[in-house]
Amino acid sequence: MTEAEREKYSMINFEETELRLGLPLSGGEAESTLKNTCAVFNGKRVFSETSTTTVDLKLNLSSTSNTVSADVAKDNATAANSTAPPPSPARANDPAKPPANFRAQVVGWPPVRSFRKNIVSNVQRSNKKEEGEKGASTSGSNNGAAFVKVSMDGAPYLRKVDLKMYKSYQELSDALAKMFSSFTTIDKCGSQGMKDFMNETKLIDLLNGSDYVPTYEDKDGDWMLVGDVPWEMFVESCKRLRIMKGSEAIGLAPRAVEKCKSRS
Amino acid sequence: MNYFPDEVIEHIFDYVVSHRDRNALSLVCKSWYRIERFTRQRVFIGNCYSITPERLIQRFPGLKSLTLKGKPHFADFSLVPYDWGGFLCPWIEALAKSRVGLEELRLKRMVVSDESLELLSRSFTHFKSLVLVSCEGFTTDGLAAIAANCRFLRELDLQENEVEDHKGQWLSCFPDSCTSLVSLNFACLKGEVSLGALERLVARSPNLKSLKLNRSVPLDALQRIMMRAPQLADLGIGSFVHDPDSEAYIRLKNTILKCKSITSLSGFLEVAPHCLAAIYPICPNLTSLNLSYAAGIQGSELIKLIRHCGKLQRLWIMDCIGDKGLGVVAMTCKDLQELRVFPSAPYGNPAAVTEKGLVAISMGCPKLHSLLYFCHQMTNAALITVAKNCPNFIRFRLCILEALKPDPDTLEPLDEGFGAIVQSCRRLRRLSLSGQLTDQVFLYIGMYAEQLEMLSIAFAGESDKGMLYVLNGCKKLRKLEIRDCPFGNMALLTDVGKYETMRSLWMSSCEVTVGACKLLAKKMPRLNVEIFNENEQEDCSLEDGQRVEKMYLYRTLAGKRKDAPEYVWTL
């Protein structure tokens, strides 16, 4: 398999989804730092909707700081969904409010109707498509969002993603990684870094181990391994996503293994 | 007045039109209540769960026009899960069974099924007007039923609805005998319509004043339509893309010159900027311009266009116009009353609008009374200036895209700025806050915002005191919606009677607990206190100490509703 194909079919970046208690990764997305601040949050927060946008909540991890202020991140390319919820902005018993650095995502902010958001982003998308073309314009065909539920074995609650927000498996993978990064405890198998599902040599190890496998339920109700079909076809047929523990995904393996074998 | 016969009083009541005034009349005495209810034709129901359709019909048998609103406002921002409620069906069924001669139905944030539309179209012979705003649940099949069966239809106005397109020819379902259309708006539909049917429909509708097309209607069809309807006053353009050298474009330019009656323009869902010059001739007549969906137009082109629009009273635009562009608006549009500036990207255009644009507007447009402004930053100084220049604000909605952002010049919260707004604008009825805010701003609001009816708060405040200032101070408060604020049980429970004077309260991601909500529900039986438990994996009964993620409470005479989905717990 070529490097390009590998890129295309890789799903979860395990390093990013690994639970850590150290300082944020330098310059990185630092999703895992959310866990450091778990002590700040009381109670549960539940997200059900997915039209979220990225908010950069700057949280200085000083010991006295238990308040945050939120700044909105300007980088919002894939508009992926969040993992842990943002904290309440202020606590009454904290007289000093040091600014905080923190990255999280907020549902429904800024308060723009989804109808409007969709129209505008579709027009911008179709305008970009036209940049090379002349003459008649495309009609920006978007038949609305394609929200599907995403469950991950072991996570306390489900999420939803809009598959139409992404253009490739890689983008979806990044988004899911961000979404579930605070929940996953992934045993590192040896010195594995990036996991690559379509990598022949790793697939078997992976499925036998406790790593995670993304699967989806298609229109016929069958559970399939993600990554087999072209992206567009996947978006059309996917009804829900489930990130299974590898050991449970054995039933799906034969197909993937066959595919690998046929490539070698 | 008691010595006058009923007919005389009825005649006098005919002059009393507003809902509030009529509500007031009905409270004067029993005979006025009786007369008022039999003569009442228009009823507004701000929360469809506040009353049952049967009770409505029983009280107002002469009902002709009904306005219904369903989901809470924050449903617009995906905070309300999908199947929460707001169904039209029971209303239509009840009305159809009764002898009400419904003529007009206006819905907002309701779930409308094709079956209800079909039933509606068959049940009321004199049905004239259907207006659907931000609704969902129906397809073009439902529209086909309306088109086919409502023989005297005057108005079909679809605004920002999620409509499934079944690629049937709904527009062709208007029979040849239908010549009564005054207003047709299908801009939100995604699919194609039969252009021939559309042109023929326009040709046989001499009273057509308002027509808003969707993006599937190309420029040459637009030209033919405009030829047939020179009387149009309100036009929504779908697609505005053409080769500027073509015959079709030249024909369009000439046709536009003849349409001197157009005063309102919108749409441009698809636009090639070089085509915009064609509409310059009608710009001087425009009082209303909505370019908020025209993502294809850049700031410089917007500015060129605006320079021609000296009579504008209402302008909806995207933030790519920039501060400089707003300066041009301020210089050109001296009659401006309503301005909305929307973000062109989820976090706005980096080169977009700031406090400077708003200050410029306030200096140039003293008649401004309604504002919705998405911007990158705001300062207290700017807000104070705006408050001084524009004391007539009725609606002031400011959204600083970065939540919790303070005044960038002083790094202080925006309490003083908003305080100046409420202090200066004594007629303020609607306010949306943003940026970094402490309890102080709520003290100002409670003290000064005497006419305030609707308040939207996000990421603000420090303690329960904030919410209490508002509940205590704003006597006319009807709708309060709060998200991500540190308001908790004390604020919620201090004045439970207040909620019966309001339409509804929304609190999400705050500090209220299940126990407090239960207590509130127990004390106030005429409130529905709904908690949303969206936690799918845990099969839990909520414990009292648990924090509530989303709570929506509203006064009601209808009791607990029977159509709530599983995740909604009415306490």
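The model is predicted. Its largest nonpolar core comprises 196 residues. Domain 2 (44-208) and domain 3 (503-513 + 521-570) of chain B both contribute residues to this core, so it lies between them.

**Nonpolar cores**
- Within the largest core, the residues with the most contacts are L66(B), F240(B), F396(B), I445(B) and L492(B).
- Neighbours within four places in sequence aside, L66(B) is in contact with V43(B), I45(B), L56(B), W91(B), L95(B), L102(B), E104(B), L105(B) and R106(B).
- A second, separate core has 24 residues, including A146(A), V150(A), L163(A) and Y212(A).

**Nonpolar surface patch**
- F4(B), V8(B) and I12(B) form a nonpolar surface patch of about 230 Å².
- F4(B) belongs to the segment before helix 1 (6-13) of chain B and is partly exposed, at a relative accessible area of 42%.

**Backbone geometry**
- Most residues other than glycine have a negative phi, and most peptide bonds are trans.
- The peptide bond from W109(A) to P110(A) is cis, with omega near 0°; P110(A) sits in the loop between strand 3 (104-107) and helix 3 (114-130) of chain A.
- S78(B), in the loop between strand 2 (65-69) and helix 5 (89-97) of chain B, has a positive phi near 65°. S78(B) counts as buried, with 9% relative accessibility.
- S509(B) has a positive phi of about 55° and is located in the loop between strand 20 (504-508) and helix 19 (514-523) of chain B. The relative accessible area of S509(B) is 8%, so this residue is buried.

Methods:
Residues numbered from 1 in each chain as written. Chains lettered and ligands numbered in written order. Predicted model: local features only at pLDDT ≥ 70, side-chain atom pairs only at ≥ 80, totals over all residues. Heavy atoms only, no water. Patch = residues over 30% accessible without salt bridge, like charges linked within 9 Å, V, L, I, M, F, W, Y side chains within 5 Å. Areas by Shrake-Rupley, 256 points an atom, 1.4 Å probe, with all protein chains shown as cover. Salt bridge = Lys/Arg side-chain N within 4 Å of Asp/Glu carboxyl O. Helix = DSSP H or I, 4+ residues; strand = E, 2+ residues; numbered from the N terminus. Buried < 20%, exposed > 50% of the residue type's maximum accessible area, 1.4 Å probe, protein only. Core = buried A, V, L, I, M, F, W, Y, C linked by side-chain atoms within 4.5 Å. Domains from an automatic or database assignment. Contact = heavy atoms within 4.5 Å.
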